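These notes are meant to be read with the model open beside them.

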Amino acid sequence: MEERKKSLIQLDYTGMMRSEKNPKAISEKDLCSFQPQMHIARVALLQKRAQGELDFSALLLEMKGQAQQIQEYADYLSEHYENFVLLGIGGSALGPQAVHQALRPYYYNELSSEKRNHRPRFYVVDNIDPTRFKDLLESLNLEKTMFNVISKSGNTSETMAQFLIVRQMLKEVCKDQFNEHIVVTTDQEKGNLVTLSENEGYRRFVIPSGIGGRFSELTPVGLLPAAVCGINIFELLDGAIAMDKKIREQKDLFENPAQLRAALGCFSLKRGKAISVFMPYADGLKTMADWYAQLWAESLGKRYDRQEQEIWTGQTPIKALGVTDQHSQVQLYTEGPNDKIFTFVTVRIFDEEILIPKDDDLEQNIQFLGGHQLGDLLRAEHKATEYALSLAGRLHQNIILPELNAYTVGQLLLLLEWETAYMGELLNINAFDQPGVEEGKIGTYALMGRPGYEQRRSEIEESICKKYII
Ligand SMILES: O=P(O)(O)OC[C@H]1O[C@H](O)[C@H](O)[C@@H](O)[C@@H]1O
């Protein structure tokens, strides 16, 4: 790839720093004060690595070693199937969706097979809306469809319900060959999908242990769907490896983008910025905001710190898209409560450009647009929005991608994952579990009649007596 494509993504944090317009923003001195705790955090994360937990570096090398095998299987699927349907939820679906949207044309499924280089159409079903699910299943030629059932635990009710429906339909349509239409991606050794894949003969890909669902995009969770759709998973991994190396080796906070973003995030959170707006200025990164929202919310939204003290901490992620949400949310951002920080993700050069035609007969108030590229308008709007936020004393920063390709997307994923890990250390919490989702899961088991949950079922039914309905 040309040097520009290979260059690392950049962080412009000018908008977070103290200035005349923003005297309450962070100063270089404030940032320097983070160095000691950042060093402790770095050592703690490297120790986790030594214990085989969250070892991004080892994971990426392991995945680099598996990439060829994943690619070969993806190529085999492309020759034999027209549709690839991902069944999963949360970290088992958001990453694949985000990377597909970033690196494939949005009309990918509408393209002819030739224009898709004979790669399958790609669908992600990450909800259990019966209408949508049935519409999709009825639209597919099941004999030409592969279902990738992704669940790290193998116990997620939504994904397992989808699996049971699809498995029955495939048995009816494909008879004894039904298992040639299911590939599972799950834990090394535990959960229903391990047993089922052994008993029913499904191809299985393994999510390495020590890597949580929301950190699993650069495992077969994301790599297989990406390879099936013709995305260069080798470049994706190389970008991630480059960013991982920089973050792992760079001890100086001012040169380490993950440490810097974590210090800025921690500083702003402690000064009442309880909301973090993630606003890419590229349609291809719209779902990346969804993936980041889970990463940020589920990792940092915690009741207890590591000493079991109640702290009820976290920072609420808001997904936004530039320029679109300038027309729906910026009014709040500039004149509402100053309780937010903003991250814009920009792309210096888009793959395509469109010239806005000039027409001198038109009114001046639209004629000025003529002669510019459409990307110039998007870039101008981003800068104007940044300026408006700075006038309003709002803290904002930019993550700048040289362009949107597998190498830069791989870097972005690793940057955000490392940033989250550092934030967890600074907040003194466990960023890698999600105890807060258990109650909802147990309640679902109870209401669905799972044996052993009868008591909880009666508790729920007694407690939810609907009194206020209009
Ligand atoms: O991959 P699975 O085990 O099916 O889990 C899917 C999702 O389930 C839960 O909601 C967890 O909180 C998420 O972190 C996880 O990504």
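1. Glu298 counts as partly exposed, because its relative accessibility is 21%, where buried means under 20% relative accessible area, exposed means over 50%, and partly exposed lies in between (1.4 Å probe, protein chains only). Glu298 is placed in helix H12, which covers residues 286-300; helices here are DSSP runs of H or I with at least four residues, strands are runs of E with at least two, and both are numbered from the N terminus. Once neighbours within four places in sequence are set aside, Glu298 is in contact with Arg214, Ala293, Asp433, Gln434 and Val437, contact meaning heavy atoms within 4.5 Å.

2. Some ground rules apply throughout. This is a predicted model, in which local features need pLDDT of at least 70 and side-chain atom pairs count only at pLDDT 80 or more, while totals for chains, interfaces and linings use all residues. Residues are numbered from 1 along each chain as its sequence is written, and side-chain values use heavy atoms, with hydrogens and water left out.

3. The annotation deserves a careful reading. The UniProt annotation "active site", taken from an unreviewed entry, covers Glu298, His327 and Lys441. These residues are spread over 144 residues of sequence and also in space, with up to 37.1 Å between C-alpha atoms. From this set, Glu298 and Lys441 belong to the lining of the second largest pocket. A pocket is an open set of points, on a 1 Å grid over the protein atoms alone, where a 1.4 Å probe fits and protein lies on both sides within 12 Å along at least five of seven lines; lining residues have an atom within 4 Å of a point. UniProt positions are given in the numbering used here, feature names are shortened, and annotations may be inferred rather than shown by experiment.

4. Lys441 has its place in helix H17, residues 438-447. With a relative accessible area of 33%, Lys441 is partly exposed.

5. For the chain as a whole, the model shows 18 helices and 12 strands. The radius of gyration is 24 Å, close to the 23 Å that the globule rule gives for 470 residues, so the chain is as compact as a globular protein of that length; the radius is taken over C-alpha atoms, and the rule is 2.2 Å times the number of residues to the power 0.38. The C-alpha trace spans about 70 × 65 × 55 Å along its principal axes. Buried residues make up 51% of the 470 residues, and residues 24 or more positions apart account for 76% of the contacts with a separation of 6 or more.

6. Strand S5 (residues 182-187) is largely enclosed by the rest of the structure, because 6 of its 6 residues are buried. S5 pairs with strand S4 (residues 145-151) in the parallel sense over 5 bridges, two strands being paired if DSSP finds at least two bridges between them. Within this pairing, Asn148 stands opposite Val183 in S5.

7. Strands S8 and S9 pair in the antiparallel sense over 2 bridges, and Lys302 has Thr313 in S9 as its bridge partner. The two strands form a hairpin with 5 residues between them, and Glu308 in the turn has a positive phi of about 60°. Glu308 counts as exposed, because its relative accessibility is 58%.

8. Trp312, in strand S9, has a positive phi of about 45° although it is not a glycine. Most residues other than glycine have a negative phi, and most peptide bonds are trans. Trp312 is exposed, with a relative accessible area of 58%; neighbours within four places in sequence aside, Trp312 is in contact with Lys302 and Arg303.

9. Val323 is found in the loop between strand S10 (316-319) and helix H13 (330-335).
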